[in-house]
Amino acid sequence: MSFDAALVKKDFPLLQRRINDKPLVYLDSANTSQKPQQVIDAMSQFMETTYAPINRSAYQLAAESTDAYENARSLCRTFINAPRTNEIIFTKNATEALNLVAHSWGGANLQAGDIVVLTQMEHHANIVPWHMLVQSHGIQLRWVPLTADGQLDLTNLDELLKGAKIFSFTAMSNVLGTLTPVKQLCAAAHAAGALAIVDGCQYVPHNVTDVTEWDADFLAFSSHKMCGPSGIGVLWGREELLNAMPPFLGGGNMIADVRLDGFTCAELPAKFEAGTPPITDVIGFGAAITYLNAIGMNNVRQHEKETVTYALSALHERYGNDITIHGPTDPEVRGATLSFKFKDVHPHDLSQVLDQSNICVRAGHHCAKPLMRLLGANATARASFYLYNSLDDVDALVNALEGAGDLFSL
Amino acid sequence: MPGLEDLYREIILDHYRTPRNRGELAPPAAKAEGHNPLCGDEIQVYIDVADGIVRDIKISGQGCSISQSSASMMSAAVKGKSIDDIRNLVRRFKHMMSIEEEGNDSPIDESQSLGDLEALKGVVKFPVRIKCAVLSWNTLLDALNNA
């Protein structure tokens, strides 16, 4: 099917909203994405017709509810080409998924002096859980450095990975937009005898994902960045690893038996899904995957590649040295997330000026403070594009920056 | 919708472009550090206190026009004042930013003019930016507690 962002945009009711009689230009999808009518309808319809507890009641309604919930799990499996459906663990978000691996696998298998390798472009969600294991278990962290254009500097990767138990890295930087060579990184991890954990929070919503092709061990991602509701995320892990791990949260649903003297875990995936999950949100997540499948992730990636190519050249052409765009210049190795510095205008002030034109960008440290320090910035402005952003949205950003510097000229 | 002119008043931009009392004070001056965890703004406030009076104040750090100008105006407003007057001023300023001290119903002394600080009143119309405006004030309170 041919892809037309303007048509796609029509599926998103919120993007039809006007503020002060001007259209909304939503460029903050790396933060969280908007929701298509298909997802909103699926969730309303589910609550109107099918909502009931899952996994624990015998009546027909509960069976229907459970089926719908499990269907979403199956959609997730296909979406990332995982070998088995029971390897899909629903979590609160990607952050919880990464915490689950760190605390369950790491807590049980890591000891003082063990090495975990991360990259300098990680989100706090893939840093802090490991810092916590430094404190509780005395593990050591090593960091893959970056090149000047914001890619991973793999020169000494094998050296860094020597003796490591885990290599945990992002597939796409939430600040720089950099796409990392996931398959190569997984192979390097395995060659060193380490597990490969992929933070796919930014990558999965925008690209074809294939954990089998990558030969990864774990993958974390979130529904809310891929047209689904917030409150639901996924940890995928290889079955044998998940089976060998201790449970993370204890409670209902995750047990086979509970006695006065102990408990036995349920089989996967229930073992890692304690308590009642956000059932309706899982249904919405499934609808989001169905929506993205219909559009085709190849088309999404192609559209975003064209968008970022156009944005990079339009911004540079108009503003030359007045704008610094962080991250790779080659659209082949970057997604459509642009962090930039404009003249000497503080990102907060810049986003305030852009807000006058209803342009929504993020200003701040993007939960990646170690990376921000490398960039020599306390904050950047970040425009991130998705399948519903047309080239008109790029033009709106380019035009709205005009004059933004005058007010604050130092 | 409030316009940019409500926020970026000329006096604010003046303090942003030419901040007052920039720099550091060596110990034994008291120091406090403030962070805005949402946006990464950082500020350091140094105060030299003697006989209950803030004799000198210096500000360092980085931030947006609102946090920087608010810090600059604050430094000018508190220099040479007594700690009691300063605590009252902090409360008044935060009241102007619609932040009330929990459990303190005593009347706020509004006898003194706020001077340049009045210019920051427009920030209230931009709730997201209130945190920027009060960052230096909260850091000043920490510095007073450290003094």
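**Helix packing and a buried spot**

Modeller: Let's start with a crossing: α4(A) and α5(A) cross in a right-handed way, meaning the near helix is turned clockwise from the far one by less than a right angle. Bear in mind that this is a predicted model, where local features need pLDDT of at least 70, side-chain atom pairs count only at pLDDT 80 or more, and totals for chains, interfaces and linings use all residues. Residues are numbered from 1 along each chain as its sequence is written, with chains lettered from A and ligands numbered from 1 in the order in which they are written.

Colleague: At what angle do α4 and α5 of chain A pack?

Modeller: Helix α4 covers residues 94-109 and α5 covers residues 128-137, with axes 9 Å apart. Angles under 35 degrees count as roughly parallel, and α4(A) is roughly parallel to α5(A). The angle is about 25 degrees.

Colleague: Which residues of α5(A) make that contact?

Modeller: Contact means C-beta atoms, placed from the backbone, within 7 Å. From α4(A) come A:L98, A:N99, A:A102, A:H103 and A:G106. Their partners in α5(A) are A:P129, A:W130 and A:L133.

Colleague: Over in chain B, is B:I12 buried or exposed?

Modeller: B:I12 lies in helix α2 (residues 10-17) of chain B. The cut-offs are 20 or more other C-beta atoms within 10 Å for buried, and 12 or fewer for exposed, with C-beta atoms placed from the backbone. B:I12 has 23 within 10 Å, so the call is buried.

Terms used. Axes are lines fitted to C-alpha atoms, for helices over the stretch in contact, and angles run from 0 to 180 degrees between N-to-C directions. Helices (H or I, at least four residues) and strands (E, at least two) are DSSP runs, numbered from the N terminus. Angles under 35 degrees count as roughly parallel, over 145 as roughly antiparallel, 65 to 115 as roughly perpendicular and the rest as oblique. Two residues are in contact if their C-beta atoms, placed from the backbone, lie within 7 Å.
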